[in-house]
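Subject: Structure for your review

Dear colleague,

Please find below the structure that I am handing over to you.

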Amino acid sequence: MSSQAPAHEDAHEAHHGHSHGHQAGHGTFRSYMTGFALSVILTAIPFWLVMSGVFESPAVTAVLVMAIGAIQIVVHMVFFLHMNPRSEGGWTMMALIFTIIIVAIALSGSLWVMHHLNTNMMPMSPEMMKNMP
């Protein structure tokens, strides 16, 4: 009998905690409810910010909405996908870091494109509109 773990494990052993080094995080009812509550709160706050016009500057509102959206992505990954540094030998944490980087690139790129479209495509004043063909 070899002292090394088999190449594939029995599903029954893996499910009941007799796995050989690949502990997957299992959520509890409390962790799912915490994730659900955070998701509801992180959805309601941007809705309230936009609908009530708390900030006069649309740029401040947009930055806050996008920051809360990025936080909500991390909440979903931690509470519902069970990403933590212990499961799967740390590879899920690498996936979390990769996702955060991709989301940051996508959000900053979207803001950059929207800003330049607004700056370069929208008229600056009503007088400019009168001079349009």
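Predicted model: local features only at pLDDT ≥ 70, side-chain atom pairs only at ≥ 80, totals over all residues.

Residues are numbered from 1 along each chain as its sequence is written, and side-chain values use heavy atoms, with hydrogens and water left out.

Overall composition

The protein has five helices and zero strands, in the order α-α-α-α-α along the sequence. Helices (H or I, at least four residues) and strands (E, at least two) are DSSP runs, numbered from the N terminus. Of the 133 residues, 16% count as buried; buried means under 20% relative accessible area, exposed means over 50%, and partly exposed lies in between (1.4 Å probe, protein chains only). The accessible surface comes to about 10400 Å², and 72% of that area belongs to carbon and sulfur atoms. These areas come from the Shrake-Rupley method with a 1.4 Å probe, and for residues only the protein chains shown count as cover. Among contacts (heavy atoms within 4.5 Å) between residues at least 6 apart in sequence, 55% join residues at least 24 apart.

Database annotation

An unreviewed UniProt entry lists residues 36-55, 61-81 and 93-114 under "transmembrane region". UniProt positions are given in the numbering used here, feature names are shortened, and annotations may be inferred rather than shown by experiment. In the model, residues 61-81 are 90% helix and 0% strand, with their end C-alpha atoms 29 Å apart. Residues 93-114 are 100% helix and 0% strand, and the end C-alpha atoms of that span lie 31 Å apart.

Helix α2 against helix α3

Helices α2 and α3 pack at an angle of about 170°, with their axes 10 Å apart. α2 is therefore roughly antiparallel to α3. The contact includes Leu-38, Ser-39, Leu-42 and Pro-46 on the α2 side, and Ile-68, Gln-72, Val-75 and His-76 among those on the α3 side. Axes are lines fitted to C-alpha atoms, for helices over the stretch in contact, and angles run from 0 to 180 degrees between N-to-C directions. Angles under 35 degrees count as roughly parallel, over 145 as roughly antiparallel, 65 to 115 as roughly perpendicular and the rest as oblique.

Ser-39 belongs to helix α2, which covers residues 29-52. With a relative accessible area of 9%, Ser-39 is buried. Leaving aside residues up to four places away in sequence, Ser-39 touches Gln-72, Val-75, His-76 and Phe-80.

Helix α3 against helix α4

The axes of α3 (residues 58-79) and α4 (residues 91-121) come within 11 Å and cross at roughly 160°. The two helices are therefore roughly antiparallel to each other. α3 passes α4 in a right-handed crossing; a crossing is left-handed if the near helix is turned anticlockwise from the far one by less than a right angle, and right-handed if clockwise. Met-66, Ala-70, Ile-73, Val-74 and Met-77 of α3 meet α4 residues including Ala-95, Thr-99, Val-103 and Leu-107.

Ile-73 is found in helix α3 and is partly exposed, at 34% relative accessibility. Not counting residues up to four places away in sequence, Ile-73 touches Thr-99 and Val-103. Ile-73 and Leu-42 are 31 residues apart along the chain, and their C-alpha atoms are separated by 10.0 Å.

In helix α4, His-115 is partly exposed, with a relative accessible area of 48%. His-115 and Ala-59 are 56 residues apart in sequence, with a C-alpha to C-alpha separation of 9.8 Å.

The loop between α3 and α4

Leu-81 lies in this loop and is exposed, with a relative accessible area of 55%. Leu-81 and His-26 are 55 residues apart in sequence and 9.2 Å apart in space, C-alpha to C-alpha.

His-82 is found in the loop between α3 and α4 as well, but counts as buried at 17% relative accessibility. Most residues other than glycine have a negative phi. His-82 has a positive phi of about 55° although it is not a glycine.

Yours sincerely
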